[in-house]
Amino acid sequence: MYRQFFKLQDQPFNLTPDPRFIYLSPGHQEALEHMIYGVENRKGFILITGNIGAGKTTLTRLLMDHLDGRAETALIFNTFLNEIELLRAINREFGLAADSSSREALVETLNRFLVEQLKAGRNVVLILDEAQNLSVPVLEQIRMLSNLETDSQKLIQIIIVGQPELGRTLARPDLAQLNQRITVRCHLQPLVLEDTIRYIHHRLSVAGSQGLVRFDSGTFRLVHRYSQGVPRRINALCDRALLVAFGQGSHRITPAHLRQAQRELAGNIASTEPSTLFSRLKKSRLIPAALIAAVVILAVFFGFYQDSGVLK
């Protein structure tokens with residue numbers, strides 16, 4: 001809606017995990033390097049955790065782009081599965097037979113594939129996104145997949161990605177064997193103020209900004225405060241603030257625009273001062289004279305009947 005007004009070639013603050021727009025803060029760069037290191041050195045298990053909207057899924061897409069043509073990769077994002085369903089999903093993602101109801105048959109099919117890839121000099125990577133939803137039996141099944149190995153190296157590298165509660169689940173005594181096998185770990189921290197500013201500038205630049213979107217310094221601070229440095233929240237706030245500024249014909253994104261965006265995203269539109277809201281409605285001509293006349297007629301009507309005693 002506002003792209004033409006700001007002369008943007010693309011939506012700068014979409015919520016989809018588009019690798020083109022990713023800004024690698026020091027924390028995100030570290031997490032990506034951890035994943036690449038774990039895969040290339042065949043470490044077996046890699047754990048990436050972070051709060052909702054921290055950029056975990058975007059990082060996995062970036063990793064897959066990095067590995068494109070260099071490894072066989074599979075991404076599982078529906079993690080509300082039982083053990084057999086998970087094995088079927090894994091085989092299906094690798095293009096293998098996945099119809100069997102036998103755990104042994106499914107694992108054997110996967111193992112043959114892994115051995116073939118090793119002989120061809122290729123690595124195999126399985127990424128489990130939203131892994132905080134995995135049940136304990138399914139996590140145990142994943143641990144068993146790490147037994148698919150030679151005397152010197154793992155046949156499959158498994159990246160487990162999830163919210164912080166995943167780390168707490170893995171700390172359970174009954175998951176100690178799996179937890180001990182995870183040798184590469186990284187937790188995504190929220191962006192600091194400086195990285196929040198760089199993040200916004202980066203996304204605007206990728207979207208083709210020609211300098212017509214200008215954030216006040218106070219606006220940047222409010223974005224960081226309201227979002228707490230979480231990229232997804234930054235996107236939502238900035239997208240709504242641009243829409244508010246567009247509605248007011250302003251190329252400057254002020255703290256007032258950001259505060260209104262925050263109210264609207266919180267569903268608290270009613271907190272806008274009545275006089276301000278009425279003024280905006282008048283400017284948009286949403287209250288025509290006919291409506292005002294109707295209100296006056298109704299007032300006269302009720303006044304007449306009240307005086308006549310009908311409404312007493």
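A residue counts as buried when its relative accessible area is under 20%, as exposed when it is over 50%, and as partly exposed in between. With that scale in hand, the reader may turn to Phe-6, whose relative accessibility of 0% places this residue in the buried class. The model under discussion is a predicted one, and every value below is computed from it.

The protein chain has 312 residues, of which 42% count as buried. Its secondary structure consists of 14 helices and seven strands. Where contacts join residues at least 6 apart in sequence, 72% of them link residues at least 24 apart.

The description begins at the aromatic residues close to the start of the numbering. A pair of aromatic rings is described by the distance of the centres and the angle of the planes. Two rings are counted as a pair if their centres lie within 6.5 Å, and planes over 60 degrees apart make the pair edge-to-face. Under this rule there are six aromatic pairs. In one of them, the ring centres of Tyr-2 and Phe-6 are 5.9 Å apart and the planes stand at 75 degrees, so this pair is edge-to-face. Phe-5 and Phe-6 also make an edge-to-face pair, with 4.9 Å from centre to centre and 80 degrees between the planes. Phe-5 has a relative accessibility of 24% and so counts as partly exposed. Tyr-2, Phe-5 and Phe-6 belong with Phe-246 to one aromatic cluster.

The crossing of helix 9 past helix 11 is right-handed. On the side of helix 9 the contact involves Thr-196, Tyr-199, Ile-200 and Arg-203, and on the side of helix 11 it involves Pro-231, Ile-234, Asn-235 and Cys-238. Sorted by class, these contact residues are five nonpolar, two polar and one charged.

Helix 10 packs against helix 11 at an angle of about 130 degrees, with 9 Å between the axes. These two helices are therefore oblique to each other, and helix 10 passes helix 11 in a right-handed crossing. Helix 10 contributes Val-223, Tyr-226 and Ser-227 to the contact, while helix 11 contributes Arg-233, Ile-234, Leu-237 and Cys-238. The classes here are five nonpolar, one polar and one charged residues.

Beyond neighbours within four places in sequence, Asp-216 is in contact with Arg-252, Ile-253, Thr-254 and Pro-255.

Pro-19 sits in the loop between helix 1 (3-6) and helix 2 (26-40), and with a relative accessible area of 23% Pro-19 is partly exposed. From Pro-19 to Thr-60 there are 41 residues in sequence, while their C-alpha atoms are 9.3 Å apart in space. Setting aside residues up to four places away in sequence, Pro-19 touches Arg-61, Leu-62 and Asp-65.

The backbone of two further loop residues deserves a look. Arg-42, in the loop between helix 2 and strand 1 (45-50), has a positive phi of about 50 degrees although this residue is not a glycine. At 17% relative accessibility, Arg-42 counts as buried. Glu-130 lies in the loop between strand 3 (123-128) and helix 6 (136-145). The phi of Glu-130 is likewise positive, near 55 degrees, in a residue other than glycine. Glu-130 has a relative accessible area of 29% and is therefore partly exposed.

Key:
Residues are numbered from 1 along each chain as its sequence is written. This is a predicted model: local features need pLDDT of at least 70, side-chain atom pairs count only at pLDDT 80 or more; totals for chains, interfaces and linings use all residues. Side-chain values use heavy atoms; hydrogens and water are left out. Rings of Phe, Tyr and Trp (its six-membered ring) pair if their centres lie within 6.5 Å; planes under 30 degrees apart count as stacked, over 60 as edge-to-face and the rest as tilted. Buried means under 20% relative accessible area, exposed over 50%, partly exposed in between (1.4 Å probe, protein chains only). A crossing is left-handed if the near helix is turned anticlockwise from the far one by less than a right angle, and right-handed if clockwise. Helices (H or I, at least four residues) and strands (E, at least two) are DSSP runs, numbered from the N terminus. Contact means heavy atoms within 4.5 Å. Ala, Val, Leu, Ile, Met, Phe, Trp, Tyr, Cys and Pro count as nonpolar, Asp, Glu, Lys and Arg as charged, and the others, Gly among them, as polar. Axes are lines fitted to C-alpha atoms, for helices over the stretch in contact, and angles run from 0 to 180 degrees between N-to-C directions. Angles under 35 degrees count as roughly parallel, over 145 as roughly antiparallel, 65 to 115 as roughly perpendicular and the rest as oblique.
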